Amino acid sequence: MNKFFNLIKGLPGLRHVEGRAGSHSPVDPVSESNLSMNETVQNINATVQKFLDAYAQGGEVEGGWLYAAELRQAQLDFSDESFERLETLMVDVKAHLQSSPAAVLETPQGQNFLDLIGYYIGEYVRRKTGADVEWYDGVGEWCSWAGARLVIPDERLSDVRSSGVEISDASWSRRICSLPDQGISFAPLLWVEGRLLGSEEWSATENRNYLIWLASLCGPSVWGIGMNALGRTASWQMMFAAEGSNLPALFLSSHEPASWHQLMPTEDVLDEVAKRLEENPEGAAWQIFSYDSIMDDGTKRNAITVWLFTYGDLPIRVQLAFPYTPAEGLRPFRILPPECLTSSLELSDLTVFTGAVERGIQSVKWAFGKTWNELKE
């Protein structure tokens, strides 16, 4: 496999990414110390989909929502132009709420109205960027697990901090949109409530543009998506390694992200894979090559080694090793801590995607008796 250790040096167009994209941008990640560690936080993806489906079908969710006629007139169809119509809706509703601001915060129909707009904004970001999105009913310990920092613009954070209200108690924090593979989360209701009830000046279009930029704060979304796929591939091969099975090399690409192609690691096959990774003839967004190996660090440890190649304006090349000790006699099979062998990203930037790799690992349901977590050291 030495050709893959050397391949990184000869790739055309390979660049070193200097720091994280947007590292000097006007955002402030809210640290874990600011967050309520609430173990009752729930994933509400299914609820979000019910809201979006009901609106798309011209209906309403149970209990209904305020301004149903105005919402239908806004034609929120996930087009860029729809945000101009959303802005008109927000301006009209804001004028109406001056006489009864409590209507949207203190009634189920009002909260449903706010939620629908928040869900629409988050779903637009998902469709526009291709990033995986997870929804939660508040700020909690999921932030720590996923490494998904809650990000608030500087111009709003000062108001949040001066309000005297804990973030976990603020009404806008009850709906959190997380992009876990990108390590970023945001609270769409912060803008929605601010625009309707506060002094928020950003238009719907400006807020949309900010969130699209935010989604790429740590790099293009394909980086996180690829790192998730890397974790899935490592977990799939480790499952068979734990059973003592033979481990063919695996190839995976964005064109068929759920279908691994098994390869026999012969010299001809390796030459073909190296060429495919380098030239990307099918125009994939990302490609992965994974194989069982012996680590070339003097330890002679067994390892599942996984290459990730992404393409586009900011391509990255990452090679991670997942060492393991095979079961032998009374010694059980153990998964050792992973190591980065090669990366075109700085290690500090690469660690942003730890959550993406972990999510990929945990997404594979092992068919045999043990799990990754039970076997890891």
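Strand β6 (residues 249–253) pairs with strand β8 in the antiparallel sense over 4 bridges, where two strands count as paired if DSSP finds at least two bridges between them. The bridge partner of F251 in β8 is F289. Helices and strands here are DSSP runs, numbered from the N terminus, with helices being H or I of at least four residues and strands being E of at least two. The model is a predicted one, in which local features need pLDDT of at least 70 and side-chain atom pairs count only at pLDDT 80 or more, while totals for chains, interfaces and linings use all residues. Residues are numbered from 1 along each chain as its sequence is written, and side-chain values use heavy atoms, with hydrogens and water left out.

Strand β8 (residues 286–294) is mostly covered, with 7 of its 9 residues buried; buried means under 20% relative accessible area, exposed means over 50%, and partly exposed lies in between, with a 1.4 Å probe and protein chains only. β8 is also joined to strand β9 (residues 302–310) by 9 bridges, and these two run antiparallel; in β9, the bridge partner of S293 is A303.

From β9 the pairing continues to strand β10, with 8 bridges between the two antiparallel strands, and I304 has F322 as its bridge partner in β10. β9 and β10 form a hairpin with 6 residues between them, and G312 in the turn has a positive phi of about 110°. Strand β10 (residues 317–325) is mostly covered as well, since 8 of its 9 residues are buried.

β10 pairs in the antiparallel sense with strand β12 (residues 339–343) over 4 bridges, and A321 has E339 as its bridge partner in β12. β10 also pairs in the antiparallel sense with strand β11 (residues 334–335), over 2 bridges, and there the bridge partner of Y324 is I335.

G226 lies in helix α11 (residues 221–242) and, at 0% relative accessibility, counts as buried. Leaving aside its neighbours within four places in sequence, G226 is in contact with W286, I288 and L308, contact meaning heavy atoms within 4.5 Å. G226 and S253 are 27 residues apart in sequence, and their C-alpha atoms are 9.0 Å apart in space.

| Helix pair | Axis separation | Angle |
|---|---|---|
| α4 (residues 82–97) and α6 (residues 108–129) | within 13 Å | roughly 160° |
| α4 and α9 (residues 188–197) | 8 Å | about 50° |

Angles under 35 degrees count as roughly parallel, over 145 as roughly antiparallel, 65 to 115 as roughly perpendicular and the rest as oblique. α4 and α6 are therefore roughly antiparallel to each other. The contact is made by S82, F83, L86, L89, M90 and V93 of α4 together with F113, I117, Y120, I121 and Y124 of α6, and its residues divide into 10 nonpolar, 1 polar and no charged. In this division Ala, Val, Leu, Ile, Met, Phe, Trp, Tyr, Cys and Pro count as nonpolar, Asp, Glu, Lys and Arg as charged, and the others, Gly among them, as polar.

α4 and α9, by contrast, are oblique to each other. On the α4 side this contact involves E87, M90, V91, V93, K94 and L97, and on the α9 side W191, V192, R195, L196 and L197; the residues divide into 8 nonpolar, no polar and 3 charged.

## Backbone exceptions in two loops

Most residues other than glycine have a negative phi. Y67, although not a glycine, has a positive phi of about 55°; Y67 lies in the loop between α2 (45–56) and α3 (68–74) and, at 15% relative accessibility, counts as buried. F78, likewise not a glycine, has a positive phi of about 70°, and its place is in the loop between α3 and α4.

## The protein as a whole

The secondary structure comes to 15 helices and 12 strands, and 49% of the 377 residues count as buried. Among contacts between residues at least 6 apart in sequence, 69% join residues at least 24 apart.

Notes
Axes fitted to C-alpha atoms, helices over the stretch in contact; angles between N-to-C directions.
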